[in-house]
Amino acid sequence: MLFKRKDESNIELIDELIPQHIAFIMDGNGRWAKKRGMPRTYGHHEGTKNIRTLALEANRLGIKAMTVYAFSTENFKRPQSEVDFIFKLPKEFFKIYLKDFLENNIQVRYIGHIEKAPESTREVILDSVEQTKNNTGLILCFAFIYGSQDEIICAVKDIVKDAKEGVVSEEEINEELFETYLMSADLPPLDYMIRTSGECRLSNFMLWQMAYAEMYFSDVYWPDFGVEELYKALDHYQKCDRRYGGLK
């Protein structure tokens with residue numbers, strides 16, 4: 001009989017069916033704030049607290065990686081004041097929560113073009129990566145200034161460059177090799193994508209990695225997507241029949 005754990009919602013999770021890598025599209029911060037008569041930036045601020053909450057619970061459950069879509073390549077189209085505010089959030093976030101990640105053996109990583117972020121933002125992210133690099137628990141990965149189409153194009157360019165230099169041959173190029181050129185190369189395969197706020201689209205997020213990932217779209221805005229909602233999503237995942245194109 002498989003061991004089960006139960007949360008406060010009376011949902012039982014089978015340990016052997018826990019996804020190893022979950023990705024979150026953290027949507028609805030602005031609408032959550034607007035409902036409360038607050039500016040959109042307030043929603044982004046409160047949403048960061050939820051990253052810490054879910055990371056700690058995912059780590060407790062034995063999940064190996066959790067990737068959060070923190071800032072997309074397209075988010076530069078938003079008002080400059082909002083972009084500037086988001087770029088300031090990592091400094092506050094890690095100042096408050098890095099201690100929790102260190103104490104709970106959580107490793108911080110990132111994918112994306114953080115070289116395009118302000119120097120102060122870049123430094124705090126890189127410092128958090130460095131301080132947690134030896135941790136062996138959950139990998140908390142921030143997709144920051146990230147876009148999946150850009151990631152794929154960059155990978156293609158790198159393969160073409162290596163092919164011209166004789167590092168790889170045309171015959172060697174396959175799915176497995178291509179994945180080693182992606183920004184996510186060192187992360188476990190993606191099992192589950194969760195998007196909050198009721199929107200049902202992928203928004204240029206980990207398109208290659210989601211080839212056979214299960215997907216869950218919640219109507220709950222990101223700041224309200226707490227541990228109880230996580231368990232509901234995991235309960236849904238455990239009822240999925242993952243066939244990877246085959247039959248069982």
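Colleague: At what angle do helix 3 and helix 4 pack, and how far apart are their axes?

Modeller: Two packed helices are described by the angle between their axes and the distance between the axes. Here helix 3 (residues 80–103) and helix 4 (residues 119–132) pack at an angle of about 15°, with their axes 9 Å apart. That makes helix 3 roughly parallel to helix 4 (angles under 35 degrees count as roughly parallel, over 145 as roughly antiparallel, 65 to 115 as roughly perpendicular and the rest as oblique). Axes are lines fitted to C-alpha atoms, for helices over the stretch in contact, with angles running from 0 to 180 degrees between N-to-C directions. Bear in mind that this is a predicted model, where local features need pLDDT of at least 70 and side-chain atom pairs count only at pLDDT 80 or more, while totals for chains, interfaces and linings use all residues. Residues are numbered from 1 along each chain as its sequence is written, and side-chain values use heavy atoms, with hydrogens and water left out.

Colleague: How many helices and strands does the protein have?

Modeller: There are seven helices and eight strands; helices (H or I, at least four residues) and strands (E, at least two) are DSSP runs, numbered from the N terminus.

Colleague: Which residues of helix 3 and helix 4 meet?

Modeller: Contact means heavy atoms within 4.5 Å. From helix 3, Phe-87, Pro-90, Lys-91, Phe-94, Leu-98 and Leu-102 meet Thr-121, Val-124, Ile-125, Ser-128, Gln-131 and Thr-132 of helix 4. By class, this contact of helix 3 with helix 4 has seven nonpolar, four polar and one charged residues (Ala, Val, Leu, Ile, Met, Phe, Trp, Tyr, Cys and Pro count as nonpolar, Asp, Glu, Lys and Arg as charged, and the others, Gly among them, as polar).

Colleague: At roughly what angle do the axes of helix 2 and helix 7 cross?

Modeller: The axes of helix 2 (residues 40–61) and helix 7 (residues 227–238) cross at roughly 50° and come within 10 Å. Helix 2 and helix 7 are therefore oblique to each other. In helix 2, Thr-53, Leu-54, Glu-57, Arg-60 and Leu-61 meet Val-227, Leu-230, Tyr-231 and Leu-234 in helix 7. Six nonpolar, one polar and two charged residues make up this contact of helix 2 with helix 7.

Colleague: And at roughly what angle do helix 2 and helix 3 cross?

Modeller: Their axes cross at roughly 30° and come within 10 Å. That makes helix 2 roughly parallel to helix 3. Among the residues in the contact are His-44, Thr-48 and Ala-55 of helix 2, together with Phe-85, Leu-89 and Phe-101 of helix 3. The classes here are nine nonpolar, four polar and six charged residues.

Colleague: Is Ala-55 buried or exposed?

Modeller: Buried means under 20% relative accessible area, exposed over 50%, partly exposed in between (1.4 Å probe, protein chains only). Ala-55, in helix 2, counts as buried at 0% relative accessibility. Leaving aside neighbours within four places in sequence, Ala-55 is in contact with Met-66, Phe-101, Ile-106, Leu-138 and Leu-140. Ala-55 and Leu-140 lie 85 residues apart along the chain, yet their C-alpha atoms are separated by 6.9 Å.

Colleague: Is Glu-229 buried or exposed?

Modeller: Glu-229, found in helix 7, is buried, with a relative accessible area of 15%. Apart from neighbours within four places in sequence, Glu-229 is in contact with Ser-218, Val-220 and Asp-224.

Colleague: What percentage of the residues of the protein count as buried?

Modeller: Of the 248 residues, 48% count as buried.
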